[in-house]
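Dear colleague,

Please find the structure for your review below. I would be grateful if you could read the notes alongside it.

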Amino acid sequence: MKACIMCGGEGTRLRPLTFERPKPSIPILNKPSVVHLIEHLAKEGFNDIVITLGYMAEKIEEQLGDGRIYGVHINYVYEDKKLGTAGGVKNAEKYLKGETFLVLGGDHVLNLNLRELYRFHERMNAKVTIGLLSIDDPSEFGIADMDVNNRIHRFLEKPGPGEIFSNLASTGIYVCNPEILDMIPENKEYDFARDLFPKLLNNGEKINGVLARGNWTDVGSPAAYRQAQRWMLSGMPGTVIEGRFTTKDARINGPLQLGHNVSVGSNSAIVGPIIIGENTSIGDNVLIGPYTTIGSNCTIDNDSRILSSYIFNDVTIGKNTNVSGSIIDNRTTVGDNCCLENGTVIGPDVVIRSGATVHSNVKIWPKQTIKEGMNVKENIVSHP
Ligand SMILES: CC(=O)N[C@H]1[C@@H](OP(=O)(O)O)O[C@H](CO)[C@@H](O)[C@@H]1O
């Protein structure tokens with residue numbers, strides 16, 4: 001079965017995490033999120049994959065190659081201008097024509113029953129079948145009015161206040177009859193939700209919906225990213241220690257995955273679910289709380305506390321420092337006695353000197369230095 005993954009977006013709402021990588025390459029459980037997606041597609045029987053690339057195309061190609069190690073075959077197509085979702089798929093037409101195909105976003109993190117969605121579409125003879133989820137507040141999504149026979153009669157993209165006629169939200173996952181490729185203009189910005197669906201409904205063509213089963217989120221913002229990491233971590237099976245691991249008397253509980261050569265000092269506690277990459281060293285009296293990932297080559301010094309945070313690679317955290325609900329990108333150094341409050345997002349190559357506090361939800365873009373004892377209450381967003 002064929003699938004087309006859209007990976008061209010710039011991910012501006014996720015800055016600073018998208019300065020050195022595109023959205024699909026942001027790590028979830030210490031590997032690029034698109035790798036989880038490809039693994040899931042392979043498991044569901046989609047082994048013929050086309051990826052549309054734009055922003056930082058080479059990073060994704062480098063990470064996935066021809067897909068062989070995941071048991072799939074990947075072709076790439078490139079967008080040199082914005083084509084929108086449907087326009088991007090049209091641009092990949094040579095790999096898609098003649099067969100039903102699945103479309104999904106490169107920033108999707110999911111465990112949905114995609115094979116069932118595809119099979120349902122094939123039985124029902126619709127032009128498009130949309131994967132739907134029931135969501136409390138669907139204002140940030142496309143919403144659909146669907147009848148008992150799965151037919152969609154109305155679709156509205158990002159409804160305004162007073163317009164929410166349904167809480168069935170589009171996941172942006174579509175199964176498409178290849179005939180739709182003929183209805184999409186070439187080399188022009190064109191969208192499924194804004195352009196193609198209204199056109200199909202106007203022409204009396206059939207669009208179906210299916211309530212997808214399982215978890216799904218698109219990682220469009222730091223909050224969505226934290227949520228995606230959280231449920232991926234909560235699905236971790238047990239304790240996996242991949243290589244040499246040294247500790248004197250650390251207390252370790254709950255699901256845990258440790259890379260090769262991790263060391264944990266005296267009287268430290270690690271409470272899973274947690275993933276720690278290779279060559280990372282954790283000092284004495286350190287508490288690492290649940291729903292945390294720490295990448296490779298990191299150092300967490302004595303007496304620090306790391307709670308529900310996502311720390312990428314080559315990061316150093318000083319002594320007696322508190323990190324809570326934060327995302328810390330590569331090669332960042334945080335000094336002694338610092339506090340990173342809930343929701344902070346710290347870009348790559350940031351230096352935070354001793355005694356500084358970064359207040360709740362503050363973002364710091366790359367290559368900034370925060371002076372000793374400073375209180376950072378507002379985003380620091382100048383590009384280096
Ligand atoms: C124009 C368009 O494609 N809108 C889609 C798309 O919205 P974005 O805000 O572009 O991510 O993905 C949503 C699912 O994340 C879906 O509900 C919506 O219909």
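The notes that follow cover the conventions, the domain interface and the ligand site.

This is a predicted model, in which local features need pLDDT of at least 70 and side-chain atom pairs count only at pLDDT 80 or more, while totals for chains, interfaces and linings use all residues. Residues are numbered from 1 along each chain as its sequence is written, and side-chain values use heavy atoms, with hydrogens and water left out.

Domain interface

The domain assignment, taken from an automatic or database source, gives domain 1 (2-221) and domain 2 (240-376). Their C-alpha centres are 34 Å apart. Eleven residues from domain 1 and 20 residues from domain 2 take part in the contact (heavy atoms within 4.5 Å).

About 1,100 Å² is buried between domain 1 and domain 2, and carbon and sulfur atoms give 64% of this area. Buried area is the accessible area (1.4 Å probe) that two parts lose on being put together, summed over both. On the side of domain 1, Pro16, Leu17 and Asn30 supply 44% of the area buried against domain 2, more than any other three residues.

Two salt bridges are found across this interface (a side-chain nitrogen of Lys or Arg within 4 Å of a carboxyl oxygen of Asp or Glu). Arg331 also forms a salt bridge with Glu20, with the closest N and O atoms 2.6 Å apart.

Ligand site

There are 13 residues around the ligand, of which Glu157, Lys158, Ser170, Asp191 and Asp218 come nearest; a residue counts as near if one of its heavy atoms lies within 4 Å. Oxygen atoms of the ligand lie 2.6 Å from a polar side-chain atom of Glu157 and 2.7 Å from an N or O atom in the side chain of Lys158. The ligand taken alone exposes 440 Å², and the protein buries 79% of that (Shrake-Rupley method, 1.4 Å probe; for residues, only the protein chains shown count as cover).

Kind regards

Definitions and conventions: A polar contact is a pair of N or O atoms within 3.5 Å; within protein, one must be able to donate a hydrogen and the other to accept it, and residues adjacent in sequence count only if both atoms are side-chain atoms.
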